[in-house]
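This report covers one protein chain. It begins with the overall picture and then turns to helix packing.

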Amino acid sequence: MRAGAENLLRATTNNKVREQVLLELSFVNSDLQILKEELEGLNISVEVYQNAEETFSIPLVPLGLKETKDVDFTLPLKDFILEHYSQDSSEYEDEIADLMDLRQACRTPSRDEAGIEMLISYFLQLGYVENRFFPPTRHIGVLFTWYDSFTGVPVCQQNLLLEKASVLFNIGALYTQIGTRCNRQTQAGLENAVDAFQKAAGVLSYLKETFTHTPSYDMSPAMLNVLVKMMLAQARECVFEQIGLSGIRNEFFTLVKMTQEVAKVGEVYMLVNTAMNQEPVKENIPYSWSKLAQIKSDHYKALAHYFIATILCDHELQPGDDEDEQEKALSQLYDHVPEGLMVLAVLKDKVQRKQLGKAHLRKAIVYHEEALRVCGLCKKLRNIEVLQEVLTAAHKRSLLKYAQQETEDDFLSLIQAPDILPKTEHKIETIAPQFSKVKVKDFFHKLGPLTVFSAKQRWTAPRTICLHHEAGELGFSLKGGSPVQIYCLDPVCSAASAGLKEGDYIVSVGGMDCKWLGVNEVLEKMKSVGKQPIELEVISCQDTAASLHSKSATYSMGMQKTYSLICLAMDEDKINQTKKAPLKLPFLSWGTKNRQKAASTLCLPSAVAGSSQNKKKLSPFTLLNTESSLY
């Protein structure tokens, strides 16, 4: 509706119409803004999916799942099975129902590993469905509708890639919800949270790299890049909480390590906040998320300055201390020290230590106050009690520390606290999705091996060939895995006369499906018939080039030099009409002369004059090898 009104506004020159359209657009935009705010409150609030137990930790941000409409696969898939595979589509009603049930269950997955496994199962199943039923050249009439996780704008397409990308997004979103639900008061809970956020980042990164032209804002490359950064930042935050879970000892080197770790957390959140305020992400990212990233950046930077102030104020250099080690450790915290100061001199001079320590405390207080100010600007964040409590407690602790220092020389202190260099000993990176760990069986396994029976290949309808023994021979070989293929067909044998063609695939023997059988199993079925006529159902690939054997023809200077045996069968009628029987001899002689060069040990029986007496009789069930057999 809005798009239509905007088009009308651009097209019309009538002032009255323009005024009316502008008025209607203002109402539409107001309604959309209200809906967007409601969606933000329901789907992207930082309060939902948090751990139910009372904690004293800053909330983490989960992603909301994308919503979708129901999809009915029944008619499109049944029609495609009948049209493309020439099979009775009623035999696949249960499989189609299973697919639809799995999709429906994926709309409301459980917030645990079982829910993740179910979503991955559906994603892998979509890979089979895509290859079976979605040809690259046309649509089959299945419409997928997914709603943007941030804006609520629907996207409707007949492209299965939208479905796959949206399911991937939900896998990543579900990992974030699992991460936020972890108990961050225990070591195991924090480890699980770190793992969940790294996996979420891995899935979202995979989505960004694999589906590069998604039509939805929440899956655009720019948005996914921000979401990956945010998940890794939250994993980094949980690692810091893990380090300090058992308590932070007021010891020189321990505090140096904690200063660098917490400075790293503040740095990554600063980068997240910067990315969130770049176009085009800025327009769609939730305001509360952007402000929370800014608050965390300020809060953790303040903690870094508080820790280093504690080092300087509480730990004077003692006679037994290692001066070189302390100097080296403290030097690593700074890119540069204030003018006129040297690290070793600061360690030895009590006055300089206190002055620099108080400078860091002043900077910590500034960061704390900025975090509290930003929190007060966002309605959603200022209503989160635990967030207010954490920020207020940290602020009071820095004020108390500053008040404990001597204040009579403050007016003489002009030292500005230098920035702290972030450093970490803990590597945080994306964990790529492990789809192979989830075992999935193709619902439409009965259609046959996917390498052959796919939507990309077109087939003739199955046709029945009735074979009769001729002196123990049928005049063709079998090759391939499953399904087996007709190979080295004698163009003058009864099978060829009955309609069998070079390259045909055998789909059933005596009414029994054999699409998944290899050469040995098909031979056994043929042998079990005995001397009775054998009924085969075969199909032919409509793309002739795909069914030819790789050694059936050679080329010279871009022109075809020799012809495959299938050409003989195709031209047999022309030969009979012209009565030029001798033309057969050169081709069959070529087969005879090249018999010893062929890959198999047995070749097409020769029709060259005088060769029939010396020709070795072959058993009807002579097995050549595992890949090629003559029957």
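## Burial and overall make-up

A residue counts as buried when its relative accessible area is under 20%. By that criterion, 47% of the 631 residues of the protein chain are buried. The model is predicted, and its protein chain holds 20 helices and 11 strands. Among contacts in the protein chain with a separation of 6 or more, 74% join residues 24 or more positions apart.

## Confidence

The average pLDDT of the protein chain is 80, and 78% of the residues score at least 70. Residues 544–631 have a pLDDT below 50, yet this stretch has 103 contacts in the model beyond near neighbours in sequence. Where pLDDT is low, the predicted coordinates should not be read in detail.

## Helix 6 and helix 7

Helix 6 spans residues 160–181 and helix 7 spans residues 187–210; their axes come within 8 Å and cross at roughly 165 degrees. Angles over 145 degrees count as roughly antiparallel, so helix 6 is roughly antiparallel to helix 7. The crossing of helix 6 past helix 7 is left-handed.

On the helix 6 side the contact includes Leu168, Phe169, Ile171 and Tyr175, and on the helix 7 side it includes Ala196, Phe197, Val203 and Leu207. The residues of this contact between helix 6 and helix 7 comprise 14 nonpolar, 4 polar and 1 charged.

## Helix 13 and helix 15

The axes of helix 13 (residues 350–377) and helix 15 (residues 385–403) come within 9 Å, with a crossing angle of roughly 155 degrees. Helix 13 is therefore roughly antiparallel to helix 15. Helix 13 passes helix 15 in a left-handed crossing.

By class, the residues in the contact of helix 13 with helix 15 are 11 nonpolar, 5 polar and 4 charged.

## Leu377

Leu377 is a residue of helix 13. Is Leu377 buried or partly exposed? The relative accessible area of Leu377 is 48%, so Leu377 is partly exposed.

Leaving out residues up to four places away in sequence, Leu377 touches Tyr287 and Arg382. Lys291 lies 86 residues from Leu377 along the chain, and the C-alpha atoms of the two are separated by 8.7 Å.

How values were computed:
Residues are numbered from 1 along each chain as its sequence is written. This is a predicted model: local features need pLDDT of at least 70, side-chain atom pairs count only at pLDDT 80 or more; totals for chains, interfaces and linings use all residues. Side-chain values use heavy atoms; hydrogens and water are left out. pLDDT is the predictor's confidence in each residue, from 0 to 100. Contact means heavy atoms within 4.5 Å. Axes are lines fitted to C-alpha atoms, for helices over the stretch in contact, and angles run from 0 to 180 degrees between N-to-C directions. Helices (H or I, at least four residues) and strands (E, at least two) are DSSP runs, numbered from the N terminus. Angles under 35 degrees count as roughly parallel, over 145 as roughly antiparallel, 65 to 115 as roughly perpendicular and the rest as oblique. A crossing is left-handed if the near helix is turned anticlockwise from the far one by less than a right angle, and right-handed if clockwise. Ala, Val, Leu, Ile, Met, Phe, Trp, Tyr, Cys and Pro count as nonpolar, Asp, Glu, Lys and Arg as charged, and the others, Gly among them, as polar. Buried means under 20% relative accessible area, exposed over 50%, partly exposed in between (1.4 Å probe, protein chains only).
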